[in-house]
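Dear colleague,

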Amino acid sequence: MNPQFPKNEWWKPANEGGFFGNNYILGDEWYDRYLNDRLMTRKNRIFRETSGISDIVKRHQLNGLFLFCPCGNGRLLNSFKMINSKLIGIDLNFNYLYHANKTKQKNVLSLINSDMRYLPFKDNVFSMIANMWTSFGYFSQHEDNVHLLKEWYRILNQNGLVIIHSNINPIQVGHWDGGRRQKRITLSNGGILEITETFDVRNEKIWGVWEFVGKQKTEYNQYAITVWSIEKWKAVAQKIGYEIVNILGSIQDIDKSLSMEDEECVILLQKR
């Protein structure tokens, strides 16, 4: 299997031949080699990420209706407990929404099964949109990724905020050794996940493969993520009407600007 050529619609649910299924959930529950090899459980990560979102919301004095787009299996959506927050989750994967519904909190108004490029909402209804864990840049066509930003802009209130969080640093990615990075992760079930990512500068993409090494067999999941430079982010955002109010190097420290050493990137877009 060639890790450089995943399907254009790799982001579809596993039952439709895509990346997101039980393997992804298993891979998301690692216990080691996260953020400079700090030992961090899934529970620790949830607290860290929801606290970071809360800090950003408080800093920008946001209230009203918040959207988690996509929300996946509800890992963050159902753990976000800011007072008076009203939440909606949206995801293409029905199975993930089924699991999210099992732990649905009172402040979660609804879970919606939809492609995030075509959001079933009226204009100007959300105060905050959270796009977490490298969930932007999925689409093979540049126009589709731009269209998603336009959809978010459409449904945001004036001065509403989009939080785009990624474990890919656009400053650092061009300096990967040989244009590639690799990780070997021990999973909670004792199996091994080997991740190999290659940065294609010309096409602004990371080609990735997750290799699950188990006792019985080895399985592969492939993906391709668009990674824009900071300069391109500024140009695209301005054209749509956003202001980039900050680019952070950590979801945990909302005063830390992005630098070469950071393993995360958090882009804050505000509707003007």
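Accessible areas here come from the Shrake-Rupley method with a 1.4 Å probe, and for residues only the protein chains shown count as cover. On that basis, the accessible surface of the protein chain comes to about 13300 Å², and carbon and sulfur atoms account for 48% of it. This is a predicted model, in which local features need pLDDT of at least 70 and side-chain atom pairs count only at pLDDT 80 or more, while totals for chains, interfaces and linings use all residues. Residues are numbered from 1 along each chain as its sequence is written, and side-chain values use heavy atoms, with hydrogens and water left out.

Overall architecture

The protein chain has five helices and eleven strands; these are DSSP runs numbered from the N terminus (helices: H or I, at least four residues; strands: E, at least two). The radius of gyration, taken over C-alpha atoms, is 18 Å, close to the 19 Å that the globule rule gives for 272 residues, so the chain is as compact as a globular protein of that length. The rule itself is 2.2 Å times the number of residues to the power 0.38. Along the principal axes, the C-alpha atoms fill a box of roughly 50 × 40 × 35 Å.

Of the 272 residues, 54% count as buried (under 20% relative accessible area; exposed is over 50% and partly exposed in between, with a 1.4 Å probe and protein chains only). Among contacts (heavy atoms within 4.5 Å) between residues at least 6 apart in sequence, 60% join residues at least 24 apart.

Local features

Thr50 is placed in helix α2 (residues 42-59) and is buried, with a relative accessible area of 7%. A polar atom of the Thr50 side chain lies 2.7 Å from the backbone oxygen of Ile46. Leaving aside residues up to four places away in sequence, Thr50 touches Leu76, Ser79 and Phe80.

Most residues other than glycine have a negative phi, and most peptide bonds are trans.

- Cys69 and Pro70 are joined by a cis peptide bond, with omega about -5°; Pro70 lies in the loop between β1 (65-68) and β2 (86-91).
- Gln61, in the loop between α2 and β1, has a positive phi near 55° and counts as exposed at 69% relative accessibility.
- Glu204, in the loop between β7 (192-200) and β8 (205-213), has a positive phi near 55° and is partly exposed at 23% relative accessibility.

Yours sincerely

Terms used. A polar contact is a pair of N or O atoms within 3.5 Å; within protein, one must be able to donate a hydrogen and the other to accept it, and residues adjacent in sequence count only if both atoms are side-chain atoms.
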